[in-house]
Structures are given as C-alpha cells and as structure tokens.
Amino acid sequence: MIVVGSGARHLEDEIRALGGELIEVEIRKFPDGEKYVRVLGSGEEATVVQSTFAPQDEKIIELLLIADALRERGVERLRAVVPYFAYSRQDRVTKEGEPVSVRAVMRALGLYYDELYVFDLHNPETLKFFPGKAVNLSPARAIAEYFAERLGEGIVLAPDRGALERAAAVAEKLGLEYSHFEKRRISPTEVQMRPVDVDVKGRNVLIVDDIISTGGTMIKAANLLREMGAEKVFVAATHGVFAEGAIGRVSRAVDELAVTNTIPTPVSRISIVPDVLAL
Ligand code: R5P
C-alpha cells in the first residue's frame, strides 16, 4: 500500500503501471496556507513516498500529517521513501548557534516512521540520526541502464574523489573502467579541476555526480574532457537541483544530460521507481 505526497505526484503513473497499489490521499491548503491532508484508505502496512524538493518545508509537514493520519487509521508499520531528502546538506555546525538541520528532520520523521529510505544522501553518515532502520539507496542501476548503449566501451568518471564510489558503482554495473577528477571549489559558483589520469581520447565518457546545482562542476569537467579529445560526453546526476539556467548551460556543454526523477525536471529521464517498488 503506497501513499504518494505532493512531492511524488510525478511518480504516480509509473508506480501504478509497475503494479504499485496506491491509496488515494487528498492534499490541499487551508485559506491561511496550512496543509490539509486526508488519507482515503488503510491497511496494516503503508509506504509513504514523498520527495522533499522546493518548497521543502511543506513537503516535510505533509510527511508528518500523512503519517499521523495513517497511524490514526491503525497502520502498524510505516515506511517513508524520501527520494530527495531536504536539509541533507546542513549536516554540521559551522557557526555556533546553528542546528544540524538534517538531524532535526530525521528525528521528526522518526516520531512516526519505522523505516526510512532515501536516494544518494549527501552524507550517508547522517542516517544514524533516524531512530529506526534507515537505508541509502543507490541510483547506479537506473543510471547504468539508461546510458549503457550510448556509452558503449566508454569510461565512467566522478567529478571529484568524494564521488568516486558512485561512479564506480555505475561502472561496475556496465563492466567499464572508472576514475575521477581532482576538484577544488573556489566559490559557490566556481570550481577548479585537474584533468583525469586516464586516456579519454576517442572514447565516450559519462560523468556521474550526486547533485547538479549551478552546473559549474559538470561544465568544467566536460570542457576538460573535450580538450583531452573525448568523443561523446554524457552527464548524469541523482538529484537535478538546477539553479536558474543551469539545464541549458549544461546541455549546451555536453552530448546529453540526464538526471533521475527524485526531483521532476525537464531532464529527469532516469527512473528510480523500479527501485522503490523493489523495497
Ligand atoms: C558537491 O559536493 C556535489 O557533489 C556536487 O558536485 C555539487 O553540488 C555540484 O554543484 P554545481 O552544479 O553548482 O557545480
């Protein structure tokens, strides 16, 4: 039994097409802006799917309201599937007086949910803040399947050392070589990168990251690969948190840009729904 919040409406048709049983839920706003939720079904177990992209706060509130309604209706086992987890980047205190925001959200969800599933969390360590079972799912299968044919005998690259595991997971599914760039962030909109130590001349390349925001990282990497003689340059990311104009800028710099549908965007061509239904 699956309940879909407003942050997962874009996944509804595919969930249904793949055999997921959806409970109807009414979601609207009171005149003062507060959320109204009514769940029109019940059972022993339920999975609430809700991605918390902007506006984030109201999607988090929905997760709590839907869970409260389901518990009220007697649901005993509750799972939250949160493909994009808001506040995940605020995972440490940098100035005295700040919260660890991801901890606050995880603990709040833990008041209602027994299990939490997320995709490619910014810092997987922070799952420890959720009091129940918490799992960080990988989009590697979905990304690998999407790019398998386009990439051929190509190579998979991570834009920095921290993203290597992600690139490795995709490469291993395709039986391809992988490596990483060295990246240094100079400002929120500017990065410095050193070329990779593998020969990309005449080869197709897929660069894989967790997030594309301004697109600066991917554009810099793509330009370096062109200088190094790469054939086709493809880029993929789990979460398309695109800043204004970023989709156009990245698309112009590469042969194809595709992200997963944890966030609905015009280039969310890679689906994580089969992974959600496999849970
Ligand atoms: C950084 O640690 C992340 O993994 C991404 O590389 C970063 O968020 C991408 O940002 P942008 O698209 O603005 O370069």
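User: What is the volume of the largest pocket here?
Analyst: The model is a predicted one, and the volume of its largest pocket is about 750 Å³.

User: Which residues are closest to the centre of that pocket?
Analyst: The pocket is lined by 31 residues, and those closest to its centre are H122, R166, D209, D210 and I211.

User: How does the lining divide by class?
Analyst: The lining of the largest pocket contains 13 nonpolar residues, nine polar ones and nine charged ones.

User: Let us turn to cavities. How many of 30 Å³ or more are there?
Analyst: A search of the whole structure finds one. The largest cavity has a volume of about 60 Å³.

User: Which residues line the largest cavity?
Analyst: Its lining consists of P83, Y84, F85, S88, F119, D120, L121, H122, D210, I211 and H239. Six of the lining residues are nonpolar, three are polar and two are charged. H122, D210 and I211, listed here, are also among the residues closest to the centre of the largest pocket.

User: Now the sheets. What is the strand order in the one that contains β13?
Analyst: That open sheet has six strands in the order β10-β9-β13-β14-β15-β16, and the pairing is parallel. Its edge strands, each pairing on one side only, are β10 (177–180) and β16 (268–270). Neighbouring strands are turned by 35° against each other on average, direction ignored.

User: How many bridges link β15 and β16?
Analyst: Strand β15 (residues 256–260) pairs with β16 over two bridges, in the parallel sense. T260 stands opposite I270 of β16.

User: Which strands does α5 touch?
Analyst: Helix α5 packs on this sheet and touches β9 (155–158), β10, β13 and β14 (233–240). The direction of α5 makes about 170° with that of β10.

User: And where does α6 lie?
Analyst: Helix α6 lies across β9, β13 and β14 and runs at about 165° to β13.

User: What about the sheet that contains β8? What is its order?
Analyst: It is an open sheet of six strands in the order β2-β1-β5-β6-β7-β8, with parallel pairing. The edge strands are β2 (22–23) and β8, each of which pairs on one side only.

User: How many bridges join β6 to β7, and which residue is the partner of V81?
Analyst: Four bridges join β6 (residues 77–82) to β7, and the two strands run parallel. The bridge partner of V81 in β7 is Y117.

User: Which strands of that sheet does helix α2 touch?
Analyst: Helix α2 (residues 56–72) packs on the sheet and touches β1 (2–4), β5 (45–49) and β6, with a direction that makes about 160° with that of β6.

User: What is P131 in contact with?
Analyst: Leaving aside neighbours within four places in sequence, P131 is in contact with M106 and G110. P131 and R107 are 24 residues apart in sequence and 6.9 Å apart in space, C-alpha to C-alpha.

User: Finally, which residues of α4 are buried?
Analyst: In helix α4 (residues 140–151), the buried residues are A140, A142, I143, A144, Y146, F147 and L151. Just after α4, G152 takes a positive phi of about 55°.

Definitions and conventions:
Residues numbered from 1 in each chain as written. Predicted model: local features only at pLDDT ≥ 70, side-chain atom pairs only at ≥ 80, totals over all residues. Heavy atoms only, no water. Buried < 20%, exposed > 50% of the residue type's maximum accessible area, 1.4 Å probe, protein only. 1 Å grid on protein atoms, 1.4 Å probe; cavity = no way out; pocket = protein on both sides within 12 Å on 5 of 7 lines; lining within 4 Å. Points joined across faces, edges and corners; volume = space filled by probe spheres on them. Nonpolar A, V, L, I, M, F, W, Y, C, P; charged D, E, K, R; others polar. Pairing = 2+ DSSP bridges. Axes fitted to C-alpha atoms, helices over the stretch in contact; angles between N-to-C directions. Contact = heavy atoms within 4.5 Å.
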